Amino acid sequence: MASHRRPKQPSRTRVTVLTTAAAAAVALSANAANAAPSEKLGKDEVKAKVDKLYEQAEQATEKYNGAKEKQQKLQKEIATIQDDVARGQEDLNKLRDGLGSLATAQYRSGGIDSSVQLFLSSDPDDFLDKASTLDQLSSQQVDALKKIQDKQRELAQERAEATEKLKDLSATRTELGNKKKEVQSKLAEAQKLLNSLTAKEKAELAQKEERANRSSTERVDLKDAPPASNRAQAAFAAAQTRLGSPYVYGATGPSSFDCSGLTSWAYAQAGVSIPRTSEAQAQIGTKIYSQSDLKVGDLVFFFNDIHHVGLYAGNGQILHAPRTGTVVRYESMTTIGGPFMFGVRV
């Protein structure tokens, strides 16, 4: 007689695993069915986002330039103070040597007076504070002690100043590093967006930018546009020789520039030293708020935070280094991307 066995039941653990897997599969299927297809940004949308990132990178670039300029200034000031301290220490040592010679002479003439022993101590201030002993000193000795006292105070003040500037330098270096990272981050984000485009779309954008660069590097006729001054005209002429040079953040020429790097370089060629950053350049000279009053070579500033600057070229045009991916070129003031704030006549 054949035996009939009950089929083996799956274990509780196996049932749980199978049930969980099935549930997960159902959930994934449901999510896949409900999820919208990933949206690919169009070429124009990518360009708009990239342009915004480039603008933010330029803002960070001007802050980076300011921190770099401050760092260089602090380094020079610290070096000067340290040199002064070194020379001051030499002077102090000579003054102390002079007191030692005076004491030696006094000893040879009959021993060192207790007052001389006091002023040979490491703390002449304490001695001078004891007015009762001053009448024991010769005028020569008093003068020597006062010189030492003054020199010690001067050195202490200079050392304290150097310490504070070193702290400031450390903070400035940190700021410089942070701004550099911010610029690089914005540029990397922009490049990532550009990389999302097809080869054809990239080529179309590149051709468009190339046309803009090429058509905007033709020299402007200045016959109907008077210069602000001979030096402004010389600065503008120098900038014209840089037409077609690439924009590079932090660059001050002569082969590449950022916006304030171009303007500061151009005026330097005319024998005029102006600050490095757009924010600082906005604080010099005479402000001009009406576009109709601008003359060739005037500095022109854009955006509420004054992070972009160029040179007025006449006829509503400026000569400037726009942003990453462009070259030094002419451009209408109406297409900068931010409002004209004011001009500055250097």
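Visitor: What share of the protein is buried?
Guide: Buried residues make up 37% of the 346 residues. Buried means under 20% relative accessible area, exposed means over 50%, and partly exposed lies in between, with a 1.4 Å probe and protein chains only. This is a predicted model, where local features need pLDDT of at least 70, side-chain atom pairs count only at pLDDT 80 or more, and totals for chains, interfaces and linings use all residues. Residues are numbered from 1 along each chain as its sequence is written, and side-chain values use heavy atoms, with hydrogens and water left out.

Visitor: How many helices and strands are there?
Guide: The protein has nine helices and six strands. Helices (H or I, at least four residues) and strands (E, at least two) are DSSP runs, numbered from the N terminus.

Visitor: What order do the strands of the sheet take?
Guide: The order is 1-6-2-3-4-5 in an open sheet of six strands, with antiparallel pairing. Two strands pair if DSSP finds at least two bridges between them.

Visitor: Which strands stand at the edges?
Guide: Strand 1 (286-288) and strand 5 do; each has a single partner strand, so one side of each is left without a neighbour in the sheet.

Visitor: Over how many bridges do strand 2 and strand 6 pair?
Guide: Strand 2 (residues 299-302) and strand 6 (residues 340-345) pair over four bridges, in the antiparallel sense. Valine 300 stands opposite glycine 343 in strand 6.

Visitor: Which strands does helix 7 lie across?
Guide: Helix 7 (residues 230-240) lies across strand 3 (308-314), strand 4 (317-320) and strand 5, at about 105° to strand 3. Axes are lines fitted to C-alpha atoms, for helices over the stretch in contact, and angles run from 0 to 180 degrees between N-to-C directions. Contact means heavy atoms within 4.5 Å.

Visitor: And which of its residues are buried?
Guide: In helix 7 they are Ala232, Ala235, Phe236, Ala238, Ala239 and Gln240. These buried residues pack against helix 8, strand 3, strand 4 and strand 5.

Visitor: New topic. Where is the cis peptide bond?
Guide: The cis bond joins glycine 253 and proline 254, with omega about 5°. Proline 254 lies in the loop between helix 7 and helix 8.

Visitor: Which value does phi of isoleucine 306 come near?
Guide: Phi of isoleucine 306 is near 55°, a positive value in a residue other than glycine. Most residues other than glycine have a negative phi. Isoleucine 306 is in the loop between strand 2 and strand 3.

Visitor: Buried or exposed? I mean isoleucine 306.
Guide: Isoleucine 306 is buried, with a relative accessible area of 13%. Asparagine 315 also has phi near 55°, but counts as exposed at 54% relative accessibility.

Visitor: What volume does the largest pocket have?
Guide: About 680 Å³. On a 1 Å grid over the protein atoms alone, a pocket is an open set of points where a 1.4 Å probe fits, with protein on both sides within 12 Å along at least five of seven lines; lining residues have an atom within 4 Å of a point. A volume is the space filled by probe spheres set on the points, which are joined across faces, edges and corners.

Visitor: Which lining residues are closest to its centre?
Guide: Of the 31 residues that line the largest pocket, they are Lys47, Asp51, Glu209, Arg323 and Thr326.
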